[in-house]
Amino acid sequence: QVQLVESGGGLVQAGGSLRLSCAASGRIAGSYDMGWFRQAPGKEREFAATITRSDIPSTDYAASVKGRFTISRDNAKNTVYLQMNSLKPEDTAVYYCAARGVGRSLYDVWGQGTQVTVSS
């Protein structure tokens, strides 16, 4: 099973952009659907975006980030990205990368998270 390490978080002003990266310790191509989740202070962790493991991957987004966030994957680098544009203070959260293996119904591999703070 792969291990995941997120990076790219930080402090940004509202309206700004950040790109998060999630580096996997092993091959993810064809093996794992990948997702980004986030947890704001005092709230439960919520889904943000996902990308499938297929050769031509499909994506899905939470309504709150659709049109502003873009998930992508570079299988050669075993890395998944989350490009976040037009950031809002309500996007402030710890962002987690997760992997779901073939035949799995849940994401069962998680990174340690990276903090994103958006100031108003």
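**Aromatic pairs**

I count two rings of Phe, Tyr or Trp (its six-membered ring) as a pair if their centres lie within 6.5 Å. I'm working on a predicted model here. By that rule I get three aromatic pairs.

The one I looked up in detail is Phe-37 with Tyr-107, whose ring centres sit 5.2 Å apart with 75° between the planes. Planes over 60 degrees apart count as edge-to-face, so that is what I call this pair.

Next I checked where the two partners sit along the chain. Phe-37 belongs to strand β4 (residues 32-39). Tyr-107 is in the loop between β9 (93-101) and β10 (109-110).

Are Phe-37 and Tyr-107 buried or exposed? I find both of them buried.

**Arg-45 and its rings**

Which rings does Arg-45 lie over? I found Tyr-96, with Arg-45 over its face at 5.1 Å from the ring centre. I also found Trp-110, where Arg-45 lies over the face at 3.8 Å from the ring centre.

**The disulfide**

How many disulfides does the structure hold? I get one. Its partners are Cys-22 and Cys-97, with 2.0 Å between the sulfur atoms. I read -75° about the S-S bond, and the link is left-handed.

This one also ties together distant parts of the chain, with its cysteines 75 residues apart. Cys-22 is in strand β3 (residues 18-24), and Cys-97 is in strand β9. I checked burial here too, and both cysteines are buried.

**Thr-50**

Last stop was Thr-50, which I located in strand β5 (residues 46-51). Why do I list Thr-50 as buried? Its relative accessibility is 13%, and the cut-off for buried is under 20%, so Thr-50 qualifies.

Where does its side chain go? I traced the side chain of Thr-50 to the backbone oxygen of Met-34, at 3.1 Å.

Then I listed what Thr-50 touches, leaving aside neighbours within four places in sequence. Met-34 turns up in that list together with Gly-35. Ser-58, Thr-59 and Asp-60 are in contact with Thr-50 as well, and so is Ile-71. Tyr-107 is also on the list, which takes me back to the ring I had paired with Phe-37.

Note on methods:
Residues are numbered from 1 along each chain as its sequence is written. This is a predicted model: local features need pLDDT of at least 70, side-chain atom pairs count only at pLDDT 80 or more; totals for chains, interfaces and linings use all residues. Side-chain values use heavy atoms; hydrogens and water are left out. Rings of Phe, Tyr and Trp (its six-membered ring) pair if their centres lie within 6.5 Å; planes under 30 degrees apart count as stacked, over 60 as edge-to-face and the rest as tilted. Helices (H or I, at least four residues) and strands (E, at least two) are DSSP runs, numbered from the N terminus. Buried means under 20% relative accessible area, exposed over 50%, partly exposed in between (1.4 Å probe, protein chains only). A charge sits over a ring if NZ of Lys or CZ of Arg is within 6 Å of the ring centre and within 35 degrees of the ring normal. A disulfide is a pair of cysteine sulfur atoms within 2.5 Å. A polar contact is a pair of N or O atoms within 3.5 Å; within protein, one must be able to donate a hydrogen and the other to accept it, and residues adjacent in sequence count only if both atoms are side-chain atoms. Contact means heavy atoms within 4.5 Å.
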